[in-house]
Amino acid sequence: MSTPLPRPSYAAVLRVPHARRTFAAALVGRLSYGTVSLSLMLALTRSTGSYAVAGLVMALFGATSVFLSPYRAGLVDRHGPRRALLPMALLYAALLCVTAAVCWRPGVPAAVLAVTAAAAGACTPPLGPSMRAVWAGMLPDRALLRRAYSLDGVAEELLFVSGPLLVGVVVGVAPPAVGVLLSAALVTAGTLGFVTSPATDGPRPAEAVAVAEKDRAEPAGRAGAGQAGALLQPVVVAAAVGVSVSAVDLLAVAYAGERGLGGGTVAWVLAALSAGSAVGGLLNGAFPWKSAARSRLPFFVAGLGLCLAAAGLAPGLGTLVLAVTGAGLFVAPALTTAYLIADESATPGFRVRAGAWCNTAVNAGGSAGAAAVGLLVERLPLPVCFAVSGAVAAVAALVPARHRAASAGRAGAVSRRPSRSRPSRRRPSPSGRP
């Protein structure tokens with residue numbers, strides 16, 4: 001008799017064997033991403049005495065981290081976490097230590113700082129997509145997986161709030177470069193704990209090997225056409241969420257400046273966005289949805305767009321906070337659902353890369369949104385800027401959902417293999433927002 005699946009709940013997710021250990025280790029490693037940006041920016045500013053140089057070096061660090069993410073995730077898919085993720089994390093940590101060392105004393109040439117920071121960013125281990133791939137392997141039940149992804153998203157939101165606070169404590173008693181060293185220690189400890197967990201340890205699934213061999217034999221265009229089509233909707237939505245969320249940061253600053261409010265106003269608005277996202281993520285995971293993920297995704301991103309457009313009409317701080325909180329309610333559900341669809345669309349052996357493409361889209365959208373809104377606020381009224389930011393999300397809701405028809409056929413062919421290979425389908429692809 002088969003063992004019944006636990007009733008879907010957050011507690012059931014954490015009761016799955018090895019889930020707590022694996023998730024805790026991944027969170028320790030991912031906390032590094034919440035501490036490294038502020039630490040590195042402060043260290044660079046102190047070392048160079050120039051905000052322009054520090055900003056350029058940080059841009060290079062971010063660019064190599066974001067745009068090489070799918071490639072790094074492909075290495076994890078292909079070779080497994082222990083063979084790819086751990087060496088990647090160790091190299092990343094070592095380069096962060098080198099960067100901290102060169103930032104320790106002023107007077108280091110900007111070119112040296114740029115090269116070391118860019119090299120470190122290029123090695124950023126994809127712990128977020130890798131953890132989501134492990135969730136998908138541990139939880140074949142989609143209701144449980146949705147709760148796991150929601151829990152993962154809320155935890156990540158909290159990491160990016162608590163990380164800068166931790167840096168604030170560190171720089172209060174030590175040079176900012178110590179915060180960079182702390183980031184290196186966190187990613188090393190977290191990745192080591194993650195890859196040594198039984199949940200990530202195991203032979204490559206037979207399906208992943210078969211698909212990888214077939215993909216190598218096929219022309220690249222044919223091999224990836226079905227996959228790319230199925231990923232279009234979640235990737236575009238993730239990018240739109242990145243644009244809209246990053247726009248709120250600058251629009252809140254502009255709103256406060258236009259009305260003569262203090263800098264604390266911005267903190268309240270951004271806290272409202274984060275709080276709304278956390279609550280929305282938990283509610284989304286707990287609600288027993290009957291509709292398919294591809295049907296829910298347009299609703300979530302459209303809700304985000306409408307709330308942002310309404311925020312531009314806020315007559316005062318209270319209504320602005322309410323509108324931004326409402327927008328936040330849709331942020332985590334939209335991203336969680338995008339990750340679920342990416343996982344559903346992924347062929348065996350592509351799971352980490354699918355999540356990494358969504359990660360890349362969020363981060364790239366965030367960078368593009370900040371740059372675009374920076375230009376708009378100087379040329380257009382603030383309500384129009386809010387409306388444009390919301391319109392980006394609303395337009396993303398119109399992207400048609402495409403199922404992985406061609407690759408589903410391939411997966412179906414693989415799944416008709418002898419039953420002895422089937423248990424490995426429930427393991428994560430040994431191999432993705434870092």
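Reply: Before the pairs themselves, a definition: a salt bridge here is a side-chain nitrogen of Lys or Arg within 4 Å of a carboxyl oxygen of Asp or Glu. Please keep in mind that this is a predicted model.

Me: OK, how many salt bridges does that rule give?

Reply: The count comes to 7 salt bridges. One of them joins D152 and R30, whose closest N and O atoms are 2.8 Å apart. That pair links distant parts of the chain, with D152 in helix α8 (residues 142–171) and R30 in helix α2 (residues 19–48), 122 residues apart.

Me: And are D152 and R30 buried or exposed?

Reply: Both D152 and R30 are buried.

Me: Which other residue does R30 form a salt bridge with?

Reply: R30 also forms a salt bridge with E156, and there the closest N and O atoms are 3.1 Å apart. Since R30 lies in helix α2 and E156 in helix α8, the pair ties together parts that are 126 residues apart in sequence. Both R30 and E156 are buried.

Me: What about R142, where is its partner?

Reply: R142 sits in helix α8 and its partner E344 in helix α14 (residues 317–345), 202 residues apart. The closest N and O atoms of R142 and E344 are 3.2 Å apart.

Me: Why does R142 count as partly exposed?

Reply: R142 counts as partly exposed because its relative accessible area is 35%, and that value falls between the 20% and 50% cut-offs. E344 is likewise partly exposed, at 38% relative accessibility.

Me: Which residues do shared partners join into one network?

Reply: Salt bridges that share partners join R30, R132, D152 and E156 into one network.

Me: How do the lining residues divide by type?

Reply: The lining of the second largest cavity divides into 6 nonpolar, 1 polar and 3 charged residues.

Me: And which domains does the lining draw on?

Reply: The lining of the second largest cavity draws at least three residues from each of domain 1 (17–201) and domain 2 (225–398).

Note on methods:
Residues numbered from 1 in each chain as written. Predicted model: local features only at pLDDT ≥ 70, side-chain atom pairs only at ≥ 80, totals over all residues. Heavy atoms only, no water. Helix = DSSP H or I, 4+ residues; strand = E, 2+ residues; numbered from the N terminus. Buried < 20%, exposed > 50% of the residue type's maximum accessible area, 1.4 Å probe, protein only. Nonpolar A, V, L, I, M, F, W, Y, C, P; charged D, E, K, R; others polar. Domains from an automatic or database assignment.
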